[in-house]
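Here are my notes for your first look at this fold. Keep the viewer open and check each point as you read.

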Amino acid sequence: WRRQPFTPFAEAARRQWLAYQDGARVLVLNGGEPTLHEGLARLVALARKTGFPEVHIQTNGLRLAEKDYAGALVRAGLSLARFSLHGPGPELHDAQVQVPGAFAKAWAGLENLRAGGVAVGVNIVLNKLNAPRLRETSAWFLERGVKDLGMIFPLYEGDMAFYAERTALSLSDAAAAVRDAFEEF
């Protein structure tokens, strides 16, 4: 996805329509970073007009820190945003994504959408850096009203493959961290 431009609006709209005709009723826009697609708000609005009762995005959340942009997605009818946040605050998250200030922007974006009535969730991609703190991470989000937490065991491809030596986690270590985190629930 990094070497190719985003799907043009007309093609994305065509794919949405075909999915709806085939019986899909939840549309999830992801892949790369959907908020970088200039037509995202239009695609959300079109999906709702087509009849999709739910339109979701999966995002790093950085652009949603812009209140006007977040507001445009709220007005378009976005129903759920799942944010990729990998720790309980900036120290752990920013170190993993290697973008200073990323956590603060993503959290601001989450709050912007939540204030607009959009449901929010968090995806935590498990790795060697955050698994030891998964219980703390879960507690942090739960204490702040985020009750939709996804814990993802990664596929080691793309950036994950590039950083595998630093971040790779065994399935058994991930399972132990998840079992411990479930105590918070």
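This is a predicted model: local features need pLDDT of at least 70, side-chain atom pairs count only at pLDDT 80 or more; totals for chains, interfaces and linings use all residues.

The numbered points below go from the sheet to a helix and then to the salt bridges.

1. Five strands form an open sheet, and their order is β1-β2-β3-β4-β5. The pairing is parallel. β1 and β5 stand at the edges. Each has a single partner strand, so one side of each is left without a neighbour in the sheet. From one strand to the next, the twist averages 20 degrees.

2. Look at the β1 end of the sheet. Strand β1 covers residues 26-29, and strand β2 covers residues 54-59. The two run parallel and are joined by four bridges. β1, helix α2 (residues 40-50) and β2 make a β-α-β unit, and the unit is right-handed.

3. Move on to the next pair. β2 and β3 also run parallel, with four bridges between them. Here H56 stands opposite L80 in β3. β2, helix α3 (residues 67-76) and β3 make a right-handed β-α-β unit.

4. Go to the β5 end. β4 and β5 pair over four bridges, in the parallel sense. V125 has I152 in β5 as its bridge partner. L149 and N123 are 26 residues apart along the chain, yet their C-alpha atoms are separated by 6.0 Å.

5. Stay with L149. This residue lies in strand β5. Is L149 buried or exposed? L149 has a relative accessible area of 16%, and buried means under 20%. L149 is therefore buried. Leaving aside neighbours within four places in sequence, L149 is in contact with R82, V122, S138, F141, L142 and F185. Show these side chains together to see the surroundings.

6. Now take helix α6, residues 134-143. Seven of its 10 residues are buried, so α6 is largely enclosed by the rest of the structure. Which residues of α6 are buried? They are L134, T137, S138, A139, W140, F141 and L142. What covers them includes two helices, α5 (102-115) and α9 (171-182). Strands β4 (119-125) and β5 (149-152) are also part of that cover. After α6 comes G145, whose phi is positive, near 85 degrees.

7. Zoom in on S138 within α6. S138 counts as buried because its relative accessibility is 0%. What does S138 touch, not counting residues up to four places away in sequence? The contacts are L149, M151, A181, E184 and F185. L149 lists S138 among its own contacts too.

8. Turn to the salt bridges. The structure holds nine of them. One of the links is between R15 and E11, whose closest N and O atoms are 3.0 Å apart. Both sit in helix α1 (residues 9-21), four residues apart, which means a separation of about one helical turn. E11, R14 and R15 are linked in a network of salt bridges.

9. The side chains of R82 and D148 meet in a salt bridge at 2.5 Å, N to O. R82 is in strand β3 (residues 80-84), while D148 is in the loop between α6 and β5, 66 residues apart. R82 counts as buried at 14% relative accessibility. D148 counts as partly exposed at 29%.

10. Finish with a bridge that involves α6. E184 forms a salt bridge with R135, and the closest N and O atoms are 2.9 Å apart. E184 lies in the segment after α9 and R135 in helix α6, so the pair ties together parts 49 residues apart in sequence. Both residues count as partly exposed: E184 at 33% relative accessibility, and R135 at 32%. Recall that E184 is also among the residues that S138 touches.

Notes. Residues are numbered from 1 along each chain as its sequence is written. Side-chain values use heavy atoms; hydrogens and water are left out. Buried means under 20% relative accessible area, exposed over 50%, partly exposed in between (1.4 Å probe, protein chains only). Contact means heavy atoms within 4.5 Å. A salt bridge is a side-chain nitrogen of Lys or Arg within 4 Å of a carboxyl oxygen of Asp or Glu. Two strands pair if DSSP finds at least two bridges between them. A crossover is right-handed if, with the strands pointing away from the viewer, the path from the first strand over the helix to the second runs clockwise. Axes are lines fitted to C-alpha atoms, for helices over the stretch in contact, and angles run from 0 to 180 degrees between N-to-C directions.
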